[in-house]
Amino acid sequence: MDTNHEPAQAPAKDPIALFNDAHVREFIAAARLAHLATADADGAPHNVPLCYWFDGECIYFAIDEKPKRGTGLALKRMRNIAQNPRVALVIDHYEEDWSQLAYVMIRGNARVVEDPEEYLVALRHLRDKYLLYRGMTLTPEKNPIVKIEPVSVHAWGARFKQDPNS
């Protein structure tokens, strides 16, 4: 993989301006899997794959019923978010044709959704996107939903390059 190319970045004055790019928004909305990086209070990193929903501004994910070492707020990612809400989320695409490689990295602040209406809206959209969620009994007590509010967005890949003729 050629790692010498710097990611396309939003102008310094608006670090989340890439959310306005239709190619970036479509890529984030269509992808099925993201990788969440958290760190505890001492900075020890932790990285897990997850399912998510993008509402056009923020990212939501649920602690679902897939087998895990712990549950709800006891999970390492949730303990880390409680100690240090700064997270990074990478959504990527891989193919053997490396000209098709792409990723979007979103850095932001994560928090547990406490508003019941916001929880239900996010859960409904997660169930629309992921069929298996429809068969799960998810509740705020056992299955918190986390909202990531972006602070910066970086995109890399040919699909995100601006057309010089436009």
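Contact here means heavy atoms within 4.5 Å. Keep that in mind while reading this predicted model.

Start with N47, which lies in strand 3. Leaving aside residues up to four places away in sequence, N47 touches H35, L36 and A37. L36 sits eleven residues from N47 along the chain. Even so, the C-alpha atoms of N47 and L36 are separated by 5.4 Å.

Now turn to the interior. In soluble globular proteins, nonpolar side chains tend to be buried together. The largest nonpolar core in this model has 45 residues. Within that core, I28 and Y52 touch the most other members. Strand 8, residues 145-157, gives the most to this core: five residues.

Helix 2 comes next. The helix spans residues 76-83, and its residues R77, M78, N80 and I81 are buried. They share the same side of helix 2, because they cover an arc of only 160° around the axis. An α-helix has 3.6 residues a turn, so residues three or four places apart point the same way.

What do the buried residues of helix 2 pack against? Their partners are strand 2 (34-39), strand 3 (45-50), strand 5 (59-62), strand 6 (86-93), strand 7 (102-112) and strand 8.

Last, the cysteines. C51 has 17% relative accessibility, so C51 counts as buried. C58 has 9% relative accessibility and therefore counts as buried. The cut-off for buried is under 20%. A search of the whole structure finds zero disulfides.

Terms used
Residues are numbered from 1 along each chain as its sequence is written. This is a predicted model: local features need pLDDT of at least 70, side-chain atom pairs count only at pLDDT 80 or more; totals for chains, interfaces and linings use all residues. Side-chain values use heavy atoms; hydrogens and water are left out. A nonpolar core is a set of buried Ala, Val, Leu, Ile, Met, Phe, Trp, Tyr and Cys residues joined through side-chain atoms within 4.5 Å. Buried means under 20% relative accessible area, exposed over 50%, partly exposed in between (1.4 Å probe, protein chains only). Helices (H or I, at least four residues) and strands (E, at least two) are DSSP runs, numbered from the N terminus. The arc is that of the directions from the helix axis to the C-beta atoms. A disulfide is a pair of cysteine sulfur atoms within 2.5 Å.
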